[in-house]
Amino acid sequence: VQPMPNPSPEVVEAAKRVLEPLARGLGIESLPTPAKWCEDFSAQFDALLELRPAAASFTFDILSQEQVGRLHAAGILVIGMSTTVDEALTWERAGADAVIASGTEAGGHRGTFIGRQEDATMSSAELWPAVIRAVGIPVIAAGGIMDGRDIRRALDIGAAAAQLGTAFLVCDESGIDPRYKQRLLAAEGHPTRLTRAFSGRYARGIENEFMRAMSSVERNVPPYPIQNALTGSIRAAAAKAGNTEMMSMWAGAEVARARGMPAAELMRILVSEMEEQG
């Protein structure tokens, strides 16, 4: 659960000095210090209890048993993210109703909360069966799933469900920046990789100029959410300018197989592909 950070002025200024050459390229002469580093998790948690969705899924860190109990008392199913077997077992002990096993191919931020993020390197093919063997709660497979054949493979080894992200980012209804969407649709031949340069937490996206410029220093940037807040104005200016080389373009390792179409059509195709394998 994310505490409110309180970085020293020295840490903040050092991080800003690293980012300012890139910011100036976007017309930002002086990188602003954010008014706040992140949202108040306690307030968000209270709002969740008030709204009472059918289920709530958590990506960074882990809830306490008491928090899981409060969600259950409100009729909310709890799903946790894991990138290692230990994390999946920890979510099970906390009382989660299901756990997501996210292989390293997954796009966007890694949910690692035990040990070093750099050490959570299990691929989907390694992680899914290991977690399925280890826990007694339903396992949701994630990471590199792009079509119905991928879903069928996950279900066949014992996953209860599959979670797709990148596959839906290119759908007509997706609200991402249109230029970001076009980069995803034209991703063949363009590598993705993990970086902590944008946010201070490892996340997978299409490699671009920002990632390359920060590659030698990204291990030293402040942790999430400090770096994430500091790069906010850079990402906003890049989006306004249509400069995808300075935007975070989160995407999974299999993004080249993404198919642009309405979400309903993609769902029909995924089901058809699953049935063909059935």
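Q: Contact means heavy atoms within 4.5 Å. What covers the buried residues of α12?
A: The cover includes α6 (148-156) and α7 (166-169). This is a predicted model: local features need pLDDT of at least 70, side-chain atom pairs count only at pLDDT 80 or more, and totals for chains, interfaces and linings use all residues. Residues are numbered from 1 along each chain as its sequence is written, and side-chain values use heavy atoms, with hydrogens and water left out.

Q: How do you know that the span of helix α12 agrees with what it should be?
A: Helices are DSSP runs of H or I, at least four residues, and strands are runs of E, at least two, numbered from the N terminus. The expected span is 1.5 Å times one less than the number of residues. For the 15 residues of α12 (263-277) that gives 21 Å, and the end C-alpha atoms are 21 Å apart, so the two agree.

Q: Which residues of α12 are called buried?
A: Buried means under 20% relative accessible area, exposed over 50%, and partly exposed in between (1.4 Å probe, protein chains only). Leu 266, Leu 270, Glu 273 and Met 274 are buried. Their arc, taken from the directions from the helix axis to the C-beta atoms, is only 100°, which means they lie on the same side of α12. On the other side, Arg 268, Glu 275 and Glu 276 are exposed.

Q: Why do β4 and β7 stand at the edges?
A: Two strands pair if DSSP finds at least two bridges between them. The order of this open sheet is β4-β8-β7, with antiparallel pairing. β4 (108-109) and β7 (192-195) each have a single partner strand, so one side of each lacks a neighbour in the sheet.

Q: What makes β4 and β8 a pair?
A: Two bridges join β4 to β8 (203-206), and the strands run antiparallel. The cut-off is at least two, so β4 and β8 pair. His 109 stands opposite Ala 203 in β8.

Q: What makes β5 and β6 partners?
A: Three bridges join β5 (139-142) to β6, and they run parallel. Ile 140 stands opposite Ala 161 in β6. Their open sheet has the order β1-β2-β3-β5-β6. β1 (55-58) and β6 (161-163) are its edges, because each has a single partner strand.

Q: Where do α4 and α5 meet?
A: Val 85, Ala 88, Leu 89 and Glu 92 in α4 meet Leu 127, Ala 130, Val 131 and Ala 134 in α5.
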